[in-house]
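Biologist: Please take a close look at the ligand site. Which residues make up the shell around the ligand, and how do they divide into nonpolar, polar and charged?

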Amino acid sequence: MIDHSRILEVLADGAVHSGEELSGVLGVSRTAVWKQLRRLQDDTGLKIESIKGKGYFLRGGIELLSRSQIVDLLSPAARPLLVEFCLLGQTDSTNSIALQRAQRSPLSGHVIVAEQQTAGRGRRGRRWVSPYGCNIYCSTVWQFQGGAAALEGLSLAVGVAVARALTATGLSGVQLKWPNDVLWEGRKLAGILLEMIGDAAGHCQVVVGIGINVSMRPEVAGVLIDQPWTSATAAAGRQVSRNHLLASLLSELLPLLAEFEARGFAAFHDAWSALDTMYGKEVLVQAGDQVVAGRAAGVAANGALVIDTPLGPQWFHGGEVSLRLQSSNHV
Ligand code: BTN
């Protein structure tokens, strides 16, 4: 995709801008402006409208992500932990980019954010709907010693960081569903995808991918999402700033990763349990071909899901396990 940032910076305010003004800003002819606007629409899916004789506008404007604003808003605890912040326009998947970079050289504290993903990845092979300029798509690379065992419960702990960031932005009632769905009134608000490279028994790098629906509209996501979902803006009942929310997310996440490295999931077990939306409910757990019915009994010290069944408690670990209410069709 060509770099649309200059023209978008002008159109972001939602006001009408003449072809002449845009041609001056871009340093190209009026015909070239028109062509570039068409390219912009094709590349991003944003709708640029025009008024004859007056110019072009982006209805409602758009809050573009701003590196300087986000870094300025970081908490004092997070700032020294942020080693690199890379803001992309469009990419296939911020997790893929982060994994490629981590494969080239060991990284920790590196953050990749994009305005749009063309192949956003979700858990269990699903796609993550990632339209331009309305959500958060963020991947953070962190290095851990001690291999896979030291990572038990990490994805749950990350859920705590996401819930805290949303709460700090003014949303109340955010809850977590094992292993790492972030919900509001039973609807999916954010998702977490952890991917690991390195030595399963020693040094490894984890890519912590987080997607938060911020102001995605139903007509944009349409039928692409096959489960109940919501956005931070819909849940808050007012426009939530992506820049503020992203700064808040990194302010929670980076110190949490550092603390997890030192203390593991034990440090977050109580915080996670306080947000557990399934606790005490009748649920079904699907693990491969096996379906287990029982009552959700929280999580163990290592982050495993505990289900009380007529045969006694059963423990489930992440991966290809899914959890749902007995009364729901949605996985
Ligand atoms: C889920 O299925 O709940 C996990 C969704 C994770 C989406 C995020 S968006 C940023 C990062 N890049 C990706 O391709 N996926 C994760």
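Modeller: The shell around the ligand holds six nonpolar, ten polar and four charged residues. Here Ala, Val, Leu, Ile, Met, Phe, Trp, Tyr, Cys and Pro count as nonpolar, Asp, Glu, Lys and Arg as charged, and the others, Gly among them, as polar. This is a predicted model, in which local features need pLDDT of at least 70, side-chain atom pairs count only at pLDDT 80 or more, and totals for chains, interfaces and linings use all residues. Residues are numbered from 1 along each chain as its sequence is written, and side-chain values use heavy atoms, with hydrogens and water left out.

Of the 20 residues around the ligand, those that come nearest are S93, Q117, R121, R123 and K188; a residue is near if one of its heavy atoms lies within 4 Å of the molecule. Strand 8 (187-198) supplies at least two residues of the shell, as do helix 5 (94-104), strand 5 (135-144) and strand 9 (204-213). The largest share, four residues, comes from strand 8. Helices (H or I, at least four residues) and strands (E, at least two) are DSSP runs, numbered from the N terminus.

In S93, a side-chain N or O atom is 2.7 Å from an oxygen atom of the ligand. For Q117, an N or O atom of the side chain is 2.9 Å from a ligand nitrogen atom, and a polar side-chain atom of T94 lies 3.2 Å from a nitrogen atom of the ligand. A polar contact is a pair of N or O atoms within 3.5 Å; within protein, one must be able to donate a hydrogen and the other to accept it, and residues adjacent in sequence count only if both atoms are side-chain atoms. On its own the ligand has 420 Å² of accessible area, and the protein covers 98% of this (Shrake-Rupley method, 1.4 Å probe; for residues, only the protein chains shown count as cover).

S93 sits in the loop between strand 3 (84-91) and helix 5. S93 counts as buried because its relative accessibility is 2% (buried is under 20%, exposed over 50%, partly exposed in between; 1.4 Å probe, protein chains only). Leaving aside residues up to four places away in sequence, S93 touches Q117, A119, G120 and R121, where contact means heavy atoms within 4.5 Å.

Another serine, S139, lies in strand 5 and is buried, with a relative accessible area of 0%. The S139 side chain makes a polar contact of 2.5 Å with the side chain of N95. Beyond four places in sequence, S139 touches residues including T94, N95, A98 and H110.
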